[in-house]
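Visitor: Please take me through one part of this model up close. I would like to start at a helix end and then move on to the aromatic rings.

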Amino acid sequence: MTTETFSFEVDHSWEHTLFAYDRKSWTVPNRQFPEILKCTFNDWRLDENTNTVSFTRVAHLKPPLPTWLMRVLSGVKETELQFETTIDRQNRTAVVIGKNNTLTNILEMTEHLEMKEHPENASRTMVTFTATWKIKLKLFSSKFENYLMSNYSKALERGREIDHQFLMKFKEEERELPPLSYSERNCFMVCDVEHDAIMREEYNWYHEELKKDGAQLEMSDFVLSEQRPTLPEKELKEKNEEGEEEGE
């Protein structure tokens with residue numbers, strides 16, 4: 001088993017850093033990161049006492065290996081990574097814990113991300129990524145591990161650069177940061193909790209900028225149609241019945 005930790009500081013506030021990081025999951029497919037095919041969200045949870053948001057995100061990625069080899073090794077055509085995210089705006093922390101859902105017969109991978117406000121400088125953010133690999137292949141395990149590490153570090157660096165460019169442009173144009181990230185805002189909407197930040201107009205500029213970046217956006221009351229969370233069948237039926245009664 002191999003563990004690698006990447007720690008760095010970002011020259012932007014926690015709110016800005018979170019917004020830039022979170023937006024990428026809502027903007028796929030995107031030419032800036034073509035390896036991500038789509039992201040789906042579910043299991044939205046909100047602590048109304050602290051406004052802490054939690055949810056599950058599944059990223060569908062192009063395979064890290066040739067398609068024919070993927071079929072031989074695991075029988076799948078794409079890779080799935082599942083992430084459990086908790087955003088605690090009150091304490092200026094965000095934690096993301098990920099694992100691989102596919103290729104588990106040849107690889108166990110976990111990722112831990114922690115993003116928190118710098119204790120001595122609120123205009124900076126401390127970020128730590130910890131990735132762990134366990135290769136189950138007996139042959140070529142060292143080469144496969146080196147390949148994964150190289151790809152991971154390159155993706156991490158590219159993500160940092162994309163976020164930095166977005167935030168620099170954001171500051172140059174003196175844009176006002178929305179009070180919630182995309183995922184936080186969506187959680188409030190799904191949980192049917194009122195918040196000043198769920199007005200769509202506040203996000204129009206970001207929608208246009210995301211389109212310029214190459215995102216294939218189809219907005220429907222902010223929530224992407226493919227990523228619209230579905231309520232449990234019983235709860236959805238009750239909401240529909242309430243709506244019918246109000247209409248009468």
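Guide: Just after α4, D192 takes a positive phi of about 60°. Helices here are DSSP runs of H or I, at least four residues long, numbered from the N terminus. This is a predicted model: local features need pLDDT of at least 70, side-chain atom pairs count only at pLDDT 80 or more, and totals for chains, interfaces and linings use all residues. Residues are numbered from 1 along each chain as its sequence is written, and side-chain values use heavy atoms, with hydrogens and water left out.

Buried means under 20% relative accessible area, with a 1.4 Å probe and protein chains only. The buried residues are Y182, S183, E184, R185, N186, C187 and F188.

Now the rings. Phe, Tyr and Trp rings (for Trp, the six-membered one) pair if their centres lie within 6.5 Å; planes under 30 degrees apart count as stacked. The count comes to 10 aromatic pairs. F19 and F166 have ring centres 6.3 Å apart and planes at 20°, so the pair is stacked. F19 lies in helix α1 (residues 14-23) and F166 in helix α3 (residues 141-172), so the pair ties together parts 147 residues apart in sequence. Both F19 and F166 are buried. F41 and W44 are also stacked, at 5.8 Å centre to centre and 15° between the planes. Both F41 and W44 are buried. Ring pairs link W26, F41, W44 and F55 into a cluster.

Charges come last. A charge sits over a ring if NZ of Lys or CZ of Arg is within 6 Å of the ring centre and within 35 degrees of the ring normal. R23 lies over the face of F166, 3.9 Å from the ring centre. R160 has its charged end over the ring of F8, 3.8 Å from its centre.

Conventions:
Buried means under 20% relative accessible area, exposed over 50%, partly exposed in between (1.4 Å probe, protein chains only). Helices (H or I, at least four residues) and strands (E, at least two) are DSSP runs, numbered from the N terminus. Rings of Phe, Tyr and Trp (its six-membered ring) pair if their centres lie within 6.5 Å; planes under 30 degrees apart count as stacked, over 60 as edge-to-face and the rest as tilted.
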